[in-house]
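Colleague: I would like to learn how to read a protein model. Could you take me through one?

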Amino acid sequence: MFPESNSDATPIDRRNLLQTLGGGMGMLGAASMLAQPATAASAAGRVLHNPPKAKRVIHLFMNGGPFQCDLFDPKPMLVKFAGQRPSGADLVTERKTGNLLPSPAKFKPAGKSGVPVSDLLPHLSKHVDDICVLRSMHADNPNHGPALLQMNNGTILPTRPSMGAWFLYGLGTENQNLPGYVVLCPGRPVRFSILWNSAFLPSAHQGTYINHSDLDPGKMVPYLRNEQWDRQAQRRQLDLMQKLNTAHREMRGSDPALDARMQSMETAYRMQTQANDAFDLNQESKTTRENYGSGHFANGCLLARRLVERGVRFVQLYYGNGQPWDTHSNHDESVKKLATDIDQPTAALLGDLKQRGLLEDTLVIWGGEFGRTPTSENGNGRDHNHHGFTMWMAGGGVRGGMTYGETDDFGFKAVQDKMHVHDMHATVLHLLGLDHERLTYRYAGRDYRLTDVHGRIVQEIIA
């Protein structure tokens, strides 16, 4: 079901609605209506499944998979039994591992809540009272490709819409002049665009990929401006094209691909007025730039803040090209550099959102596609571990200054208050005002949803 209207009429699904309205201009009107913002007080009058606590999401993706016991899940038993191999080490992972390898990180209570945070994250520890640490995450597959798909698309199959596409389908956009779903990465993560595709959902809901390696807005969004025609000439051309497309559709019936192309052309035209402004970090003060620090991830965090404050519904920031957190060798030295690189920017993002009054209704999610093993690989590396890993959320209606769930004494697997990826998706949708069981799309004879036939809302972490 699409989110219902606030009328007393019996809700109908999207497909039946469009069939009732018929083709031609009725279909165009429906497409326009469904693209409007879907907040409880939207101009279109639509009401969500439940009162939303969050309006937008920033997903900080540590592609490759960080080791939870380095950062947010202290395990003293790793030190005590270092070099041994307990029976719990026999869990299935991607590769063969050796004996217990302790983390060199030291933990201490942080904030008023006293949640322990690693000394590798001194800046972020100051914001722990706004963070809910999810220590009992688990997934279904220890390989990067399937795990990335499950975290992003809700299933290991490569034929399902991404969660960002589901968010945009259910909520609409708050800014008609920018894409509602933006993916930032200084390179290409493993599996690339399939992680933000719309699959069988209307293609207007897919993510817009931005490589922010070069901070020149013209390089991040190439071909943004037409060097041959001014805005008025472009408007006349686009109006003519839309009339031709509308006439084509009236004669031949609805075509989702054509509808999406028409909407994309309008968005591209309107982006000329706002995209350059949104992606121009030179408009930020020197103090703000220094607060975030330097580097691709710092720039990405600042871009994410600029985008959500302009109404972009979902911003996903991948840490880097490929899978930088995939530390099969030289783990300890690599993690020191990685943690240093994310610490200041992530803390600055949380502080900046809070200072601007945005954190209250912006949900920030941090984590990778899985974790890593407490046992060694290649002597000084760690293998993939999907049985138990850590993510965290902040803002957007989540209780801060707490931990949820536990892994076993060594960090092999989740054992208490286990939280599957499906549960995470269900909870995020709930925070956005959407019921994961009712936000469906009919395709190939069945109703699909982000959580498939699984998922529970983890009420314990909701403020």
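Predicted model: local features only at pLDDT ≥ 70, side-chain atom pairs only at ≥ 80, totals over all residues.

Colleague: What does the secondary structure of the protein chain come to?

Modeller: Helices (H or I, at least four residues) and strands (E, at least two) are DSSP runs, numbered from the N terminus. Here the protein chain has 13 helices and 17 strands.

Colleague: How many of the residues count as buried?

Modeller: Buried means under 20% relative accessible area, exposed over 50%, and partly exposed in between, with a 1.4 Å probe and protein chains only. Of the 463 residues in the protein chain, 57% are buried. Among contacts with a separation of 6 or more, 78% are between residues 24 or more positions apart.

Colleague: Which residues have the most contacts inside the largest nonpolar core?

Modeller: A nonpolar core is a set of buried Ala, Val, Leu, Ile, Met, Phe, Trp, Tyr and Cys residues joined through side-chain atoms within 4.5 Å. The largest one holds 53 residues, and Leu134, Leu363, Met393, Val428 and Ile461 have the most contacts inside it. Helix H6 (residues 163–171) supplies the largest share of this core, seven residues. Another core, of 52 residues, lies apart from it and includes Ala105, Ile210, Val221 and Trp392.

Colleague: How do strands S2 and S3 pair?

Modeller: Two strands pair if DSSP finds at least two bridges between them. Strand S2 (residues 107–110) and strand S3 (residues 115–118) do this in the antiparallel sense, over four bridges. Alanine 110 is opposite valine 115 in S3. The two strands form a hairpin with four residues between them, and glycine 111 in the turn has a positive phi of about 65°.

Colleague: What span should helix H11 have?

Modeller: The expected span of a helix is 1.5 Å times one less than its number of residues. For the 13 residues of H11 (residues 296–308) that gives 18 Å, and its end C-alpha atoms are 18 Å apart, which agrees. Because 12 of the 13 residues are buried, H11 is largely enclosed by the rest of the structure. Its buried residues include Phe297, Cys301, Leu302, Arg305 and Val308.

Colleague: Which residues is threonine 288 in contact with?

Modeller: Threonine 288 is in helix H10 (residues 286–292) and counts as buried because its relative accessibility is 14%. Apart from its neighbours within four places in sequence, threonine 288 is in contact with Leu302, Arg305 and Asp352.

Colleague: How many salt bridges does the count come to?

Modeller: A salt bridge is a side-chain nitrogen of Lys or Arg within 4 Å of a carboxyl oxygen of Asp or Glu. By this rule there are 24 salt bridges. Aspartate 130 and lysine 354 make one of them, with their closest N and O atoms 3.1 Å apart. This pair links distant parts of the chain, 224 residues apart: aspartate 130 sits in the loop between S3 and strand S4 (131–138), and lysine 354 in helix H12 (residues 331–355). Aspartate 130 is buried at 19% relative accessibility, whereas lysine 354 is partly exposed at 48%.

Colleague: Where do glutamate 333 and lysine 336 lie?

Modeller: An α-helix has 3.6 residues a turn, so residues three or four places apart point the same way. Glutamate 333 and lysine 336 are both in helix H12, three residues apart, about one turn of the helix. They form a salt bridge whose closest N and O atoms are 3.5 Å apart. Elsewhere, salt bridges that share partners join Asp277, Glu284, Arg305, Arg306, Glu309, Arg310, Asp352 and Arg356 into one network.

Colleague: Is threonine 375 buried or exposed?

Modeller: Threonine 375 is buried, with a relative accessible area of 1%, and its place is in strand S9 (residues 371–377). Threonine 375 and lysine 96 are 279 residues apart in sequence, yet 9.6 Å apart in space, C-alpha to C-alpha.

How values were computed:
Residues numbered from 1 in each chain as written. Heavy atoms only, no water. Contact = heavy atoms within 4.5 Å.
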